[in-house]
Structures are given as structure tokens and as C-alpha cells.
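Trainee: Could you take me closely through one part of this model, the sheet and what lies against it?

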Amino acid sequence: MGLDGENGVPLRGVCLSRNWSSFSHVYLLSMPNLILAATDLHRSYALADSAVPALRGVSLHLNAGDFTAIMGPSGCGKSTLLQLCGAMDKADSGSLKLDGREVTSMTDLDLTRLRRERIGFVFQFFNLLPTLSVLENIAMPLLLARKDEKSAFEKARSLAARVGIDHRLSHYPNQISGGEAQRAALARAVIHEPALLIADEPTGSLDSTNGQSVLELFQELNRDLGIAILMATHDAQVATIAKQTIRMKDGKIVE
Ligand SMILES: Nc1ncnc2c1ncn2[C@@H]1O[C@H](COP(=O)(O)OP(=O)(O)OP(=O)(O)O)[C@@H](O)[C@H]1O
Ligand SMILES: [Mg+2]
């Protein structure tokens, strides 16, 4: 399914990347295509005798090709917002549309399908599966979606080469460095050609050199393939790589 698939929007400007040649899609680069529309999201966490408000009315839009950084102090609600936007959690109230479809009323099965097909995730601590090799980790989203095994591994190899981890394909996650692990996690996050990439502190546990090279890969994915990126970070320097920065405080967007 292309970026225009569910919305029926006709293709205007298309670009096939030379660098990311394992991608089969054509991606829209020249025309705005609303990927995510969040309106007045509220989310509280229930504790024994109280509720902790994490989001207090957040609205946010992302088009294809957007790269938005979310900054703000610890506890302001960045991860909570990313979890909602990635359809990993549900809001208490408000509306969240991904590809024009309302997420808040979806069944768990539809949510799982949406995540598998349209969203990629990168986390601070990589979240690679420890019992699988690097190659198997990267191919996993395609294998879970029951794609052909041979082509899944071929694509995983090709992406691994693109992110510079192809010399570690048979290693297990505890046998690679943090920078290598995050590059593998990034390849895994985009192998199914998502429309939206969610990244929560993706450089938070990397040194500056590895952090920089991972960020450059984010930039390429955004620039060459038009993948919309929503990234939380504490680091103002990291945020400069994004095209737009929003700031949160106490569960709200403040600028
Ligand atoms: N499972 C939970 N149960 C109760 N409270 C929670 C839970 N998860 C998060 N919170 C609270 O919700 C608020 C927002 O948390 P969140 O993790 O979204 O913040 P954050 O901006 O990502 O912080 P950090 O920068 O430290 O990662 C915080 O006050 C946090 O303590
Ligand atoms: Mg967080």
C-alpha cells in the first residue's frame, strides 16, 4: 500500500530513491498528505487513589515528509504522546486519526494491523529481541506480516547494508555495540515501509558520534523517502536535525 492508498489521493510528485533501493514504494514528496491528526488528546494514568494527568489537551498534525521533534522536561508527557500517536496506547478522550482513520475507536486487532503496516518505532534502548540474530530482528516485521521469507531476508540484508550493520548480521543483540544496535533497530523500524516513524530518545544511550550517524539516517529516511518522523528528545542539539520543534510542559504543547 502506498501513501495514497487508503485516502485515495492521486499521486502527483513521485520519487524513487536510489540510495534506499530496497524500498518498493513510490513516496509522495511534493504534496502534503496528512498522516496524523491528533486533536485535544487527554491521557491520565490511574494510581491507587488518584489519577496522574500525563496529557492535558494536545493537538498535533503531521504530513508526509514532516520531521518534528518534541522537547520538554522529564515527565511532561512526551513518551505518553508518542505512545498514543503510535497506536500503542489509547487516549481517554480526544481524537487521533492516522491515515484519515480514527484510532480511538479501533479494535485491538485493527490497531495491531495499523501498527504493523503503517508505523515504525525506535526506542532509546533499541528493544531488539535478544534470542534473534541481527538479520532476524531486522526481518521480523515482514515475517510477522507473513511476507515471503526469502524476500524478507533479502530486504533485511539490503537495508542492513544501507545502515551499515551488514557485517554483524549473524550476531545477537548482546554481541553488538549500542550504535550498531540502534542502526539495526532503525532498519527494523522501516523495513515494512511505514508512513510514520516514532522515535523516543533514539540517541539517548549513544555517544555523540554514533548519535550523529543515527540522526543522519533519520534525515535520509525523511528526505529521500518522505517518511514522517515524530521524535522525542531532551537534547536541543538533536532537535536541530528536525524540521520543526514543539515544546511540551505539564502535559500540554506550549510552543
Ligand atoms: N504507567 C504510569 N503510571 C503512572 N504514571 C505514569 C505512568 N507512565 C507515565 N506516568 C506519568 O505521566 C507523566 C508523563 O510521563 P511521560 O513518560 O510521558 O513523560 P516524558 O516527558 O516522556 O518524560 P521523560 O523525558 O523522563 O522520558 C509523568 O508525570 C509520569 O510520572
Ligand atoms: Mg519519555
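Mentor: Four strands form an open sheet in the order S4-S3-S6-S7, with antiparallel pairing, where two strands count as paired if DSSP finds at least two bridges between them, and where strands (E, at least two residues) and helices (H or I, at least four) are DSSP runs numbered from the N terminus. At the edges stand S4 (50-63) and S7 (101-102), each with a single partner strand, so one side of each has no neighbour in the sheet. This is a predicted model, in which local features need pLDDT of at least 70 and side-chain atom pairs count only at pLDDT 80 or more, while totals for chains, interfaces and linings use all residues. Residues are numbered from 1 along each chain as its sequence is written, and chains are lettered from A and ligands numbered from 1 in the order in which they are written.

Within the sheet, S3 (residues 34-47) is joined to S4 by eleven bridges, the two running antiparallel, and Leu34 stands opposite Asn63 in S4. Across S3, S4 and strand S6 (93-98) lies helix H1, running at about 125° to S3; here contact means C-beta atoms, placed from the backbone, within 7 Å, and the angle, on a scale from 0 to 180 degrees, is taken between N-to-C directions of axes fitted to C-alpha atoms, for helices over the stretch in contact. Because six of the eight residues of H1 (residues 78-85) are buried, the helix is largely enclosed by the rest of the structure; buried means 20 or more other C-beta atoms within 10 Å of a residue's own. Those buried residues are Lys78, Thr80, Leu81, Leu82, Leu84 and Cys85. After H1 comes Ala87, whose phi is positive, near 60°.

Notes. A residue is buried if 20 or more other C-beta atoms lie within 10 Å of its own, exposed if 12 or fewer, and partly exposed in between; C-beta atoms are placed from the backbone. Two residues are in contact if their C-beta atoms, placed from the backbone, lie within 7 Å.
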